[in-house]
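Have the structure open as you read.

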Amino acid sequence: MMLSSLVPLQLPSRMQTHLWYMLPNEVKSDDALKKKNALLARTLVRTTVARYQTNNNNDTVVDPRSLKFKKNLYGKPEVDGEVDTTTNYPKLKFNISHTDSLIACGVTVNVPVGIDVEDKTRKMRHDVLSLAKRFYSSREVEFLSSIADMEARRKEFIKLWTLKEAYVKALGKGFSASPFNTFSIIRPVAAESYNLCGQAEGWKFRLLELAASSHYAAICIEGEDDEEEAMTVIVHRTIPFVEDELISDWKLL
Amino acid sequence: MWDPIATCSEDRSGSAITNLGHNITEDFCLRLSSGNGAVSVSSALEQKDSSSVLVVALGLCTALISLLLMASLSTTSLSFKAPSIQSTTTRIYQVTLKRVLRKASSFQSISFGRFQSSKRLRLQISCAAKPETVQKVSDIVKEQLALSADTALTAESKFSALGADSLDTVEIVMALEEKFDISVEETDAQNITTIQEAADLIEDLVQKKPAA
């Protein structure tokens, strides 16, 4: 492992999320696919966090292996910043998500963040409306019921899933703290983005299409109640220790 | 037919499966599993005479006491059930244990009520979920996760290790609800992480259903 090949990174600014993703097919491995992706996800987090910290450390390279992580009360992983109080490490927050073919990590400074990625073509074994009636809010069921085309309805279900999952993960209190049927995420007509109803104010959402439109990616961050500024997102595709690519052809939904 | 003769309540934290195998006069499996808000201790035993009933009862008490002396078991309730059986002889066994565990989450007290011995005594203490239930759950999991038919699944298999994400888990819960005609609470659904846990919860819910 060549630490010198870990190029330092500029920190995300306020109200900005940096989204890093990897395509595991670009990384060789002998292991079974699913285990490999879990391992790669951890690699992605460590190397990415180390690079942000290197930048802040007068470019003295931070070894990804030296990073300490801990879990909050509910099991959400986070950077353990208490370890070294002599340096001025920024309060980096992160969250990861992966499918069989994409691994993603979202990073912010100071604000809790949650992300979820899902294969756009994912088929459910149950009828979408039955799943929604069982697990989503009534408002969301209404919305899904109003979509006549089955394929469009399936896509909207997945989009909602990623958004709701991103919120619960950003909250960091586990799924029982915010069961899916206790809140709605809606997109008012002519609105710029998705909004949260039925819970605290201030949470910001962004829904993207990534990687040749193969995946939906939802990002949720905690803003101030009266936060006017919208969330911006910067997307990179990466292979740790090898290359970064700034992505500009992602689509904001 | 069955009177609860000992109950105990305490806070729950975590889940533990403790295996106490004890051979007294017959083979019986004493298995405690906690989680989902309940603990059940199971065994079935038939005794032919009253003296061996005493032996069994003492054996159970011993087992229970030794269990309580072990650390880290926290449960919400522990119940022993015994039938009320007509009998000419009556024996009363009362054991009271207070604060046997040092930990905060300890049993306050356990008392065994009246046993009525008889020629045939059946102490029913239920074990973990039946193998058929575990098998049915495994089949549903295999189908949802599109695992090949010859994938080795054990009761201890964790959903996440099998590659299930949260949407898979939700679909599995729904499939289980349909298959067993039960309704799983949100909090219970979150706590299912293995096939065994799912099977145990299912049997618990099926048992609690009002008779059709």
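The points below cover the salt bridges one by one and then turn to the cysteines.

1. First, a caveat: this is a predicted model, and side-chain atom pairs count only at pLDDT 80 or more. With that in mind, the tally over all chains is 17 salt bridges.

2. Start with Arg14(A), which pairs with Glu229(A); their closest N and O atoms sit 2.9 Å apart. Arg14(A) belongs to the segment before strand S1 (16-22) of chain A, while Glu229(A) is in the loop between strand S10 (215-222) and strand S11 (232-239) of that chain, so the bridge ties together parts 215 residues apart in sequence. As for solvent, Arg14(A) is exposed at 52% relative accessibility, and Glu229(A) is partly exposed at 38%.

3. Next, have a look across the chains. Asp165(B) and Arg122(A) form a salt bridge through their side chains, 2.7 Å from N to O. Asp165(B) sits in the loop between helix H2 (131-144) and helix H3 (166-180) of chain B, and Arg122(A) in the loop between strand S6 (113-119) and helix H2 (128-135) of chain A, so this pair joins two chains. Is Arg122(A) buried or exposed? Arg122(A) is buried, with a relative accessible area of 14%, which falls under the 20% cut-off.

4. Chain B has a bridge of its own to check: the side chains of Glu203(B) and Lys130(B) meet at 3.7 Å, N to O. The two residues are 73 apart, with Glu203(B) in helix H5 (residues 195-208) and Lys130(B) in the loop between strand S11 (121-122) and H2, so to speak distant parts of the chain. Lys130(B) is partly exposed, at 45% relative accessible area.

5. Last, the cysteines. How many disulfides are there over all chains? The count is zero, where a disulfide would need a pair of cysteine sulfur atoms within 2.5 Å.

Methods. Residues are numbered from 1 along each chain as its sequence is written. Chains are lettered from A and ligands numbered from 1 in the order in which they are written. This is a predicted model: local features need pLDDT of at least 70, side-chain atom pairs count only at pLDDT 80 or more; totals for chains, interfaces and linings use all residues. Side-chain values use heavy atoms; hydrogens and water are left out. A salt bridge is a side-chain nitrogen of Lys or Arg within 4 Å of a carboxyl oxygen of Asp or Glu. Helices (H or I, at least four residues) and strands (E, at least two) are DSSP runs, numbered from the N terminus. Buried means under 20% relative accessible area, exposed over 50%, partly exposed in between (1.4 Å probe, protein chains only).
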